[in-house]
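Hi everyone, thanks for coming. Please have a look at the sequence and the structure on the screen, and then I'll walk you through a few parts.

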Amino acid sequence: MGELEGFYALWYREIKVFTREKSRIVSSLFTPLLWIVVFGGGLGSAISLGGVNYQVFIFPGILTMTILFSSVFFGLYIVWDKKIDFFKEVLVAPLSRTTIFAGKMVGGSIDALLQGCAMLLFGVLLGINYTVVALAISFVFMFILASALVSLGLIIGSNMESVEGFQLIVSFLVFPMFFFSGALFPIKNLPTYLLVFTALDPVTYALDGLRGTLLGTSQLPVALNLVILACFAAVMVAIGTWSFGRLK
Amino acid sequence: MALTLAVETEHLTKRYGELNAVTDLNVTIDEGEIFGLLGPNGAGKTTTLSMLSTLLKPTEGTARVNGYDVISRPADVRRSIGIVFQDPSSDDILTGRENLYLHALMFGVPKNERDQRIDHVLGLVDLRDRQDDIVKKYSGGMRRRLELARGLLHNPRTLFLDEPTLGLDPQTREHIWAYIENLVDSEKVTVIITTHYMEEADRLCNRVAIIDHGKVVALDKPSALKSTVGGDVIRLSVRAPRIDQLKTLDYILSIDQTGSTVRLTVKDASKHLQEILGIVGEADAVEVRTATLNDVFLHYTGREIREESGEGGIFERIARVRSAH
C-alpha cells in the first residue's frame, strides 16, 4: 500500500512537470521535425526507399529518435536532482529503492511515450494510414524502448557525479545509437562493419519493429524484434534497480 | 510517558578511506530537546546527520533513533523522522501544496488525514496564502519554511535540520528561528540542528555538542559551555602590546596575540579594564564582551569558527542562488 502510493507520487511528479514545462516539449519535438521536413523532404524529392518516399521511410526512424533522446536525457537528469538535494528527499522516504526506480522509470517512459504520440500525429500529415492495431503495436514498441532507455539513462546518471560527462554520453552513446539503428537508411545490404554495429544497437530492433508496423517493411519479423527489444529492456531494468539499490 | 531517548549513538564512526569524517561519536539526546551540532564546515556534522537519517551506513558503531536501530531497522527510523536538508530540496516546478502532497504520499500519511495535515503544517509556517504558487516564485526564506512544514507533515518524533538558515539574510534568519521555536512548542518534536552559526546554536539549543574534525570536543548547555571559558573577552588593537607585563596579572586567564590584535580572557573585565589599558600601551580599538560559543570553540580547538565561509561546489552555490529568487 505504502509502496504503491510512493510509486504513484513519483509518477505524479513527472506528469506534473511534463504538463508544466511546455517549452521543453516543444523544443524536444522541434529537432525531429527538422529532420523530417528538411532532411526527409530534401532528400525525399530525389529518392524513394522500400517502395515509399524517403520522407515517409525515415519517419519511424525519427519517431524512434524522439524517444531515444528524451528517454536517455530524462534518466541522466537525476545527476542534477542528486546535486541539488532534491533527490535526497526521495531517498530518505520510507520506500524501497525498487519502488523509487520503478516510479522514475514509468514516469519517464510515459513522458517519452507522449512525445512519441505527438510525433505520430505528424505522420498523418505525411499520408501514413494508421490502423488501430498498428497504433496499439507502436505504443507497445515505444513504451518498451522508452523504459529500456530511461533505465539506461538512470543507470548512467546514478553512477555519475557531475553533468560534465553529458556531452560525452551524447557523442559516444546517444548519437551512435541513433545512426547505427538504420533510422536514415535501409539495413538490408549493409557492408559488414556497419552491420555489426547495427546488429549490436538495441534501438535497431525497436526501429525495425516500428517500420514493419507502420509501413509494412521490416528486415526481421515484428514479433522477433519485440522479443529482442523486451530482453534488452529487462536487462536494463534489472541493472537499473540494482544501481538504485546502491545509490547514496 | 516515560522519558525516552530520541537519539543514542554508540561509537558511531564514518571513514572515507584514510579520512575520519566522524570518529567514535557517543551522544544521547533526550526527547523534546533542541540539540545542536556546532562546528566548522567539514567537521562531520552533515555526515552524522546522514548516518542518523539512514542515508549513510556507519563504518563502525551504530545509533538508535526514536528507539530504532539505524542499521537493522532503517525503514522505521525513516518513518519516525523528518529532515530538512542544507540545500533546497523542494521541487521548484511544483506548487507548495503539491510538494506537500507528494511528501504525504511518499511517507504514507493516511488518505483521510492528508488534507488536514497539509493545511495544519502550512498554517504553522504561514504559507497558506501562497500554497498554490509555484515554488520557483518563493523567496529563500519561504522555501525554507515550506521545507520545515514538509519535514513535519508525517508527524515525525524527531526533526533534523541541517544548517537551517544557511545562506539566508539576518532578518530572514531571525524569522526562521522564531518558527523553529514555535514548532518545538506546538508539535512536541525533538529537534536536532547542525549549524556553524554560533548565534543560532546559542539562541535555539538546549544543549550543544561542539564538533571538530569528526570528534565531540565539548558538550553542554550553551551557558555552561560559555562559563568554561572562565570570564569575559577583551579584544584590543595595539601597535606594540606589552604582552610580558600582561602575563603577570593573575586575573587574566589567557592571552592570544595575532599581529597587533590581542585577545584576552579576563575575570570581571569591566573592573580591570582601566588597569589593562594602562599596561598594554596605546590602544586604537577596544572591545569588551561576554564570552560567546565562538570563544568556547577557540578555547577547545585553538581556532575560530569562521562564519559564512564558502562551502560546497558549484552546484550547491547554484542551488542557493536559484532559491534566493
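Let's start in chain B, where four strands make an open antiparallel sheet, ordered β13-β14-β12-β15. Strands here are DSSP E runs of at least two residues, helices are H or I runs of at least four, and both are numbered from the N terminus. Two strands pair if DSSP finds at least two bridges between them.

Before I go on, this is a predicted model: local features need pLDDT of at least 70, side-chain atom pairs count only at pLDDT 80 or more, and totals for chains, interfaces and linings use all residues. Residues are numbered from 1 along each chain as its sequence is written, while chains are lettered from A and ligands numbered from 1 in the order in which they are written.

Angles run from 0 to 180 degrees between N-to-C directions, with axes fitted as lines to C-alpha atoms, for helices over the stretch in contact.

Now zoom in on β13(B): six bridges join it to β14(B), residues 261-266, in the antiparallel sense. There, Thr258(B) faces Thr261(B) of β14(B).

Helix α10(B), residues 269-280, lies across β12 (232-238), β14 and β15 of chain B, at about 25° to β12(B).

Finally, where the chains meet, 24 residues of chain A and 23 residues of chain B take part. Contact means C-beta atoms, placed from the backbone, within 7 Å. On the chain A side, α1(A) gives the largest share, ten residues. Thank you!

Key. Contact = placed C-beta atoms within 7 Å.
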